[in-house]
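I put down what I looked up, entry by entry.

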Amino acid sequence: MVTCSIILQTISLSPLPPCNIEQIHTMSSDHQQAAQLEAISTRLVADAAPPQRHARRSSVVMASHGAPPKEYVLAEKPKARLAVFVSGGGSNFKAIHAAILDGRVNAEVAVVVSDVPGCGGVQYAQANGIPTVTYPIPKKGDFPGLTAEQLVESMKSHSVDYVILAGYLKLIPAALVKAFPRAMLNIHPGLLPSFGGKGMYGERVHKAVIASGARFSGPTVHFVDEEFDTGPILAQRVVAVYPTDSPKQLAARVLKQEHQVYPEAVSALVDGRITWREDGIPILWNAH
């Protein structure tokens, strides 16, 4: 059975208790009602989460949302080669790497790229025998870095199939975007298209969400174009925003969902389980 979602979840949902937008927005700030909101969000995530798998899927035959693609077979493939871009601790990189090691993602990390040569993500890569390169050329220090043209050549020399941005804070050069059409993903800690753009990353996003009075937040996985956070949305997860939340509390809740949805999206990408509507919207298909 194949199920899909374009925006908020990656599989169809079982019926939820009645809840409409007016009810949500008229909730008072007491914790009992906030807990009810969290329960609804938790149910969404629980229903949307696919079963864990370790064996490769063999076929895709049906879809419960919209018109399914023509029946096709997911043939056994060699492992896809990923370039992972990081700027910090690399927690999403580590989550994806863990999913690779336990068989949930049919890939291997060919190279890690960073603008911060000593960051935690780079250290993790080096500890696991994964090659690392620096882009762009650092303004300070003696670390050798690459130009945009050299970065593209480096991807070719490492036989990279897909580019995965995992907390990389620099704008991707146009040459690299053009070299990997519909083959480059990013994860953002807010529900795009809101709370995105240049300078909107990490705790800044969570502060903006809380200040706006939004009742929901969550991560967004999207394809990468030549701007910040404007590429087609592939998948999102939803968490509640409590009236008493601090940015760190909200960040922890969102990060937990990032570590679930990103490996799932990368798995679909390397499996070829993403199709495109005529208007350029990607659709993620789950086989199970």
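This is a predicted model: local features need pLDDT of at least 70, side-chain atom pairs count only at pLDDT 80 or more; totals for chains, interfaces and linings use all residues.

Entry on the pocket. I noted that a pocket is an open set of points on a 1 Å grid over the protein atoms alone, where a 1.4 Å probe fits and protein lies on both sides within 12 Å along at least five of seven lines; lining residues have an atom within 4 Å of a point. I found 37 residues in the lining of the largest pocket, and Gly 167, Tyr 168, Leu 169, Tyr 201 and Gly 202 lie nearest its centre. H3, strand E8 (184–188), helix H7 (203–212) and H8 each supply at least two residues of this lining, and H8 gives the most, with five. Helices (H or I, at least four residues) and strands (E, at least two) are DSSP runs, numbered from the N terminus. By class, the lining has 15 nonpolar, 14 polar and eight charged residues, where Ala, Val, Leu, Ile, Met, Phe, Trp, Tyr, Cys and Pro count as nonpolar, Asp, Glu, Lys and Arg as charged, and the others, Gly among them, as polar.

Entry on H3 and H8. I then looked up how helix H3 (residues 91–101) packs with helix H8 (residues 247–271), and found an angle of about 50° with the axes 9 Å apart. H3 is therefore oblique to H8. The contact (heavy atoms within 4.5 Å) is made by Ser 91, Asn 92, Ala 95, Ile 96 and Ala 99 of H3 with Leu 255, Glu 258, His 259, Tyr 262, Pro 263 and Val 266 of H8. I counted this contact by class as seven nonpolar, three polar and one charged residues. Axes are lines fitted to C-alpha atoms, for helices over the stretch in contact, and angles run from 0 to 180 degrees between N-to-C directions. Angles under 35 degrees count as roughly parallel, over 145 as roughly antiparallel, 65 to 115 as roughly perpendicular and the rest as oblique.

Entry on H7 and H8. I found that the axes of H7 and H8 come within 9 Å and cross at roughly 110°, so H7 is roughly perpendicular to H8. From H7, the contact takes in Glu 203, His 206, Lys 207, Val 209 and Ile 210, and from H8, Pro 247, Lys 248, Leu 250, Ala 251 and Val 254.

Entry on backbone exceptions. Most residues other than glycine have a negative phi, and most peptide bonds are trans. Where does Pro 193 lie? I placed Pro 193 in the loop between E8 and H7, and a cis peptide bond joins Leu 192 to Pro 193, with omega about 10°. Phe 195 is found in the loop between E8 and H7, and I noted a positive phi of about 60° for Phe 195, although this residue is not a glycine. I also noted a cis peptide bond between Tyr 135 and Pro 136, with omega about -5°.

Conventions. Residues are numbered from 1 along each chain as its sequence is written. Side-chain values use heavy atoms; hydrogens and water are left out.
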